[in-house]
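Hi there,

Here is the structure I promised to pass along. Have a look, and my notes follow below.

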Amino acid sequence: MNTPNQDLEKRFYELVCYMVTSARNLVTETKLYGPFRLVDSASRLVEILPQMGVDSIRLQSIRRQIDDGKYTVMEDESTFSSYLESLVMALVKSMDE
Amino acid sequence: MELSLAIQNRRSVRAFRAEPIALDQLKALILEAAIWAPSGGNAQTWRFGLITRPDLIGKIKMISPGLLSQPAAVIVICQDMEEARRKGSDLAVNALSWMDTAMAAQNLMLAAHAAGIGTCAIASFHAKAVQKILDLPERIVPQLLVSLGYPSQSPKPPSRRTEVLWLNEYAESGS
């Protein structure tokens, strides 16, 4: 059985694999996959935080918002851009919380 | 399921239930659907890796940014590039093998959909890393991954462009 530290290390390892492979593939991939991978990485990062004892309502909220809309990348560029804009505005709104 | 319904209702599924798919059913998707796709020059240089072990799926997922959620299985559609070159020269290596892979994948995904199984075709992966993880010979080149599982969500249909057709004489905006 893994220790909590080993579990955490594994989750970060998986995230690093995702980000590094994304970086490599994005050289030639669809342009909009770049912002998609960034927000998805942010979501995956926030998902790990409770395991580190970090309890953040605003970060969990932004993760939900990311996950609720991230696949608009498959719809059209303007929908996806509006969604990204709304994420930034949601972050601004929660800055002082 | 009627073919036109299967074609129009199939979706790229990126959220799966934690439920295994019977091995016979997975094999049938390959042996009764995928391999019956057209193949340029009838070369059939495709190879299908059926991956069901969670540890292997986990490793493939780590270097496949397009592979989302936790699928029950992943089919790695490969081509034997040495055989492709021998049978069809550069055209097979650079074009026909890719077309064959795509057509086999579509057969597989439609058959899966008809059986209630969700799929997603994934090109966002690192082919050499997949070769290494699966211990594939260098000539066996992964071209496409297909994730499979029972859907936990029904994606809404994306819009489709209809101004893509012309009749006889080319026109930019077709009809």
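Where is the place of Asp135(B)? Asp135(B) sits in the loop between helix H5 (127-133) and strand S4 (140-149) of chain B; helices (H or I, at least four residues) and strands (E, at least two) are DSSP runs, numbered from the N terminus.

Before the rest, some housekeeping. This is a predicted model, where local features need pLDDT of at least 70, side-chain atom pairs count only at pLDDT 80 or more, and totals for chains, interfaces and linings use all residues. Residues are numbered from 1 along each chain as its sequence is written, while chains are lettered from A and ligands numbered from 1 in the order in which they are written.

Asp135(B) counts as exposed because it has 7 C-beta neighbours inside 10 Å (buried means 20 or more other C-beta atoms within 10 Å of its own, exposed 12 or fewer, partly exposed in between, with C-beta atoms placed from the backbone).

Gln44(B) also has a positive phi, near 50°. Gln44(B) lies in the loop between helix H2 (23-31) and strand S1 (46-51) of chain B, and counts as partly exposed because it has 16 C-beta neighbours inside 10 Å.

As for how the chains meet, seven residues of chain B are in contact with 13 residues of chain A (contact means C-beta atoms, placed from the backbone, within 7 Å).

Happy browsing!

How values were computed:
Contact = placed C-beta atoms within 7 Å.
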